Amino acid sequence: MEKIKVAIVGSTGYGGVELIRFLLGHPRVEIASVISASSAGAPITEGFPHLSNLVTRPLDGVDPREIAEKADVVFTATPSGVSGKLVPQLLAAGLRVIDLSGDFRIKDGAVYETWYKHEAPEAGLLEKAVYGLSEVNGAQVKGAELISNPGCYPTATLLGLIPVLREGWIDPGSIIIDAKSGVSGAGRGTSLITHYAEINENLKVYKVNKHQHIPEIEQCLSEVAGEAVTVTFTTHLTPMTRGIMSTIYAGLKGTYTEENLVELYRQYYEGKPFVRIRESGKWPATKEVFGSNYCDIGFAADPRTGRLTIISVIDNVVKGAAGQAIQNLNLMMGWDETLGLQLSPVYP
Ligand SMILES: NC(=O)C1=CN([C@@H]2O[C@H](COP(=O)(O)OP(=O)(O)OC[C@H]3O[C@@H](n4cnc5c(N)ncnc54)[C@H](OP(=O)(O)O)[C@@H]3O)[C@@H](O)[C@H]2O)C=CC1
Ligand SMILES: CC(=O)N[C@@H](CCC(=O)OP(=O)(O)O)C(=O)O
């Protein structure tokens, strides 16, 4: 079977290393270049012995022309601010790009600058970038030149909310999202907040009303609802390595049972292999998706308060980053979207 060649910039970060893990098992992909800004020339196995005998080529430097000579598609698993400057050069060199950062997700540059606190990429590229929420935007992803991979919290939250919002079953002004993440969501760099002694046996709230994923969630929900939607979104850091649980509350506009919700979601996600809907009264846990590309969703509808609770879980490094990026590569190329991603969650 003919293979395409891919390169990974930021291959020494959590997202990059996870891309390598899945792409090594992808039947239609050859990893042509693993790239590092700080360790070019060194073998990747120096920092990641678990890749011994699996990735034998040394790390390449960040040179868009060289990358274009080796590869057809490049993943940029680079920090926000870095992607915004690098991606235009990669596109100009003729590459197709799947960017994992937040730099191309927000269509309005001024909104981006308010939340990310640095300069937005050029407006034309923000317009061109396809927001790669695979289950929702798969048709636009096909053939795209630049895919902006969604954030980890937005992935769990939007997949949990879109069907019920689109159907008009909830009040768009009533949405509250309470989300928790494992520490790998913060990337591989060390910081006091993710230091073992600070997070072990601890639960921390952070970036209250200031999280950079708020405008991304609101942008997508507003498109779905056809009106401006604002949300209350609170993030927590938990003492686990991987996993996101997004617990979402909204006021119901009618009397809907959990059975109605299960049916609605199963219909909406029919033919979408990575979204699994729990039956009534069963709620998903982060361990049930650990190491996999699944998003599992469950519900509780409370007739006493008229409120709906949606619980949506993903592995932040997989469905929240590298896995969805590969799903988007598959959709971009017109392949079966599960190629290279058919791993069950790790248990126990
Ligand atoms: N971790 C997660 O769960 C998620 C992460 N993301 C986003 O994906 C991106 C990658 O995240 P993650 O892997 O966790 O981050 P990490 O901090 O673990 O890795 C980022 C990598 O980027 C590389 N890098 C840094 N500066 C440059 C530069 N100037 N040019 C080229 N490469 C550079 C670094 O490697 P080196 O110095 O070797 O080049 C580093 O390994 C980020 O934008 C993040 O916000 C999105 C969803 C979820
Ligand atoms: C636990 C943790 O710190 N998570 C990070 C997720 C960041 C991320 O994924 O960055 P993007 O904006 O590129 O999506 C955070 O809350 O900022």
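**Sheet architecture, domain contact and ligand shell**

Strand β8 pairs with strand β9 (residues 232-237) in the antiparallel sense, and three bridges join the two. Within this predicted model, Y206 has T235 of β9 as its bridge partner.

The pair belongs to an open sheet of seven strands, arranged in the order β8-β9-β7-β10-β13-β12-β11. The pairing across this sheet is mixed. Its edges are formed by β8 (204-206) and β11 (275-277), each of which pairs on one side only. Between neighbouring strands of the sheet the turn is 20 degrees on average, with direction ignored. Toward the β11 end of the strand order, helix α10 (residues 258-268) lies across β11 and β12 (295-302). The helix runs at about 150 degrees to β12.

At the level of domains, the protein is divided into domain 1, spanning 4-128, and domain 2, spanning 153-316. The C-alpha centres of domain 1 and domain 2 are separated by 27 Å. Nine residues from domain 1 and eight residues from domain 2 take part in the contact. On the side of domain 1 that touches domain 2, the largest share comes from helix α4 (residues 109-116), which supplies three residues. By class, this side of domain 1 comprises five nonpolar, two polar and two charged residues.

The surroundings of ligand 1 were examined next. A total of 30 residues surround ligand 1, and the closest are G13, G15, S36, S101 and G187. Of the elements, α1 provides the largest share of the shell, with three residues. Divided by class, the shell around ligand 1 holds 18 polar residues, 11 nonpolar residues and one charged residue.

Notes: Residues are numbered from 1 along each chain as its sequence is written. Chains are lettered from A and ligands numbered from 1 in the order in which they are written. This is a predicted model: local features need pLDDT of at least 70, side-chain atom pairs count only at pLDDT 80 or more; totals for chains, interfaces and linings use all residues. Two strands pair if DSSP finds at least two bridges between them. Helices (H or I, at least four residues) and strands (E, at least two) are DSSP runs, numbered from the N terminus. Axes are lines fitted to C-alpha atoms, for helices over the stretch in contact, and angles run from 0 to 180 degrees between N-to-C directions. Two residues are in contact if their C-beta atoms, placed from the backbone, lie within 7 Å. A residue is near a molecule or strand if its C-beta atom, placed from the backbone, lies within 6 Å of it. Ala, Val, Leu, Ile, Met, Phe, Trp, Tyr, Cys and Pro count as nonpolar, Asp, Glu, Lys and Arg as charged, and the others, Gly among them, as polar. Domain bounds come from an automatic or database domain assignment.
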